[in-house]
Amino acid sequence: MPVMSKRKKWGFGFLCLLVLGLGVLNVLAYNHASSMLNYASGGGRTVPPEDLSFWGKMRVLIVGVNLERPETDRTPRDWGLDYESRRIDCDNGIRLGAWYIPAAESEVLVVLLHGYGAEKSSLMDDAKALHAAGYACLLVDFRGSGESSESVTTIGYIEGEDVSETMSYVETEWPDTKVVLYGYSMGAVALLNAIDRFGVEPDGVVIGAVYDSMLTTVRNRFHVMGVPSFPSAECLIFWAGWQFDFNAFENNPADYATRVSCPALVMHGSADTRAQLEEGRRVYDALPGSAPKTFVEFKGLGHETYPTGAPELWSESVLGFMRTIGKEKAE
């Protein structure tokens with residue numbers, strides 16, 4: 001029996017270690033993707049990556065995050081507003097919970113769409129400010145959150161279908177009202193997805209803290225944790241799409257944005273590490289420009305809603321944009 005040379009022996013050993021390492025990496029990536037996209041029923045929520053200790057980061061890399069299902073424990077009455085509970089029964093059997101906050105003689109309805117790991121009450125500060133300016137609001141829980149059914153999320157992809165179903169509901173309930181889709185983070189991704197995949201046609205869109213691609217936002221997560229993103233991010237994205245039967249590498253808001261044909265306002269915090277400022281600019285640049293578009297930078301703000309952190313700039317930007325939508329209706 002021929003004896004393997006020392007060089008071949010070391011090469012074979014290295015190849016075995018490489019195959020083993022890739023196998024372990026893919027198992028970890030699969031588990032991590034599953035934990036990010038399936039809400040847990042308990043166990044406490046993993047703290048944000050920026051706040052994790054070294055050992056906490058190591059634990060998350062090995063076993064994934066624990067993301068408790070977002071539940072609603074407040075109502076608009078806690079903000080001093082009357083409201084109506086609404087239920088949107090989708091054609092696919094999914095139920096979406098919603099709050100309708102009426103406003104007398106409002107010409108525009110603002111549909112507010114929350115971020116990842118949140119539910120509709122997370123945008124109540126935005127809704128209160130919009131309502132004070134005279135606009136009716138509809139705050140919607142995505143599937144898996146609040147008063148909706150299911151316990152899953154895809155950080156904006158299947159949520160596009162939820163936006164489409166919501167628009168169908170709105171067009172039935174308020175057929176003569178103009179509609180502005182107002183999305184933050186995952187909500188912004190979902191509304192762009194709905195425009196691209198389902199042909200949704202709002203009268204205006206407000207886009208906040210949006211990422212430009214799903215791969216980029218996952219890479220950002222690894223960078224925040226101080227861990228090299230390649231090839232871990234690519235593996236995680238592959239398994240995320242595999243688990244939900246879609247190509248997660250194509251979940252790219254910068255591509256969806258090319259289909260927007262209505263006025264658009266894009267807002268982004270300069271200190272956002274989850275979705276960086278240049279990502280928001282790429283989405284803005286991808287908007288066709290056939291309708292008015294505006295980009296507003298919120299200096300010093302991170303991945304957060306803006307009415308609290310910069311109320312004056314938010315009011316100037318959002319309410320100014322909203323007035324143009326109402327003016328278009330009057331004309």
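Predicted model: local features only at pLDDT ≥ 70, side-chain atom pairs only at ≥ 80, totals over all residues.
User: What makes strand β4 (residues 136–140) largely enclosed by the rest of the structure?

Analyst: Buried means under 20% relative accessible area. In β4, 5 of the 5 residues are buried, so the strand is largely enclosed by the rest of the structure.

User: Which residues of β4 point one way, and which the other way?

Analyst: Ala-136, Leu-138 and Val-140 point one way, while Cys-137 and Leu-139 point the other way. In a regular strand, side chains alternate between the two faces of the sheet. The residues on both sides of β4 are all buried.

User: How do you know that strand β2 (residues 95–101) and β4 pair?

Analyst: Two strands pair if at least two bridges are found between them. β2 and β4 have 4 bridges, in the antiparallel sense, so the term applies. Within this pairing, Trp-99 is opposite Leu-139 of β4.

User: Why is the unit made by β3, helix α3 (residues 124–132) and β4 called right-handed?

Analyst: The term applies if, with the strands pointing away from the viewer, the path from the first strand over the helix to the second runs clockwise. β3, α3 and β4 make a β-α-β unit of that right-handed kind.

User: Which helix gives the most to the lining of the second largest pocket?

Analyst: α1 does, with 4 residues. Helices α1 (6–37), α2 (54–63) and α7 (232–244) each supply at least two.

User: How many charged residues line the largest pocket, and which residues are the closest to its centre?

Analyst: The largest pocket holds about 840 Å³ of space. Of its 32 lining residues, Arg-45, Tyr-116, Gly-117, Arg-274 and His-303 are the closest to the centre. By class, the lining has 16 nonpolar, 9 polar and 7 charged residues. Helix α6 (residues 214–224) gives the most to this lining, with 3 residues.

Methods: Residues numbered from 1 in each chain as written. Heavy atoms only, no water. 1 Å grid on protein atoms, 1.4 Å probe; cavity = no way out; pocket = protein on both sides within 12 Å on 5 of 7 lines; lining within 4 Å. Points joined across faces, edges and corners; volume = space filled by probe spheres on them. Nonpolar A, V, L, I, M, F, W, Y, C, P; charged D, E, K, R; others polar. Buried < 20%, exposed > 50% of the residue type's maximum accessible area, 1.4 Å probe, protein only.
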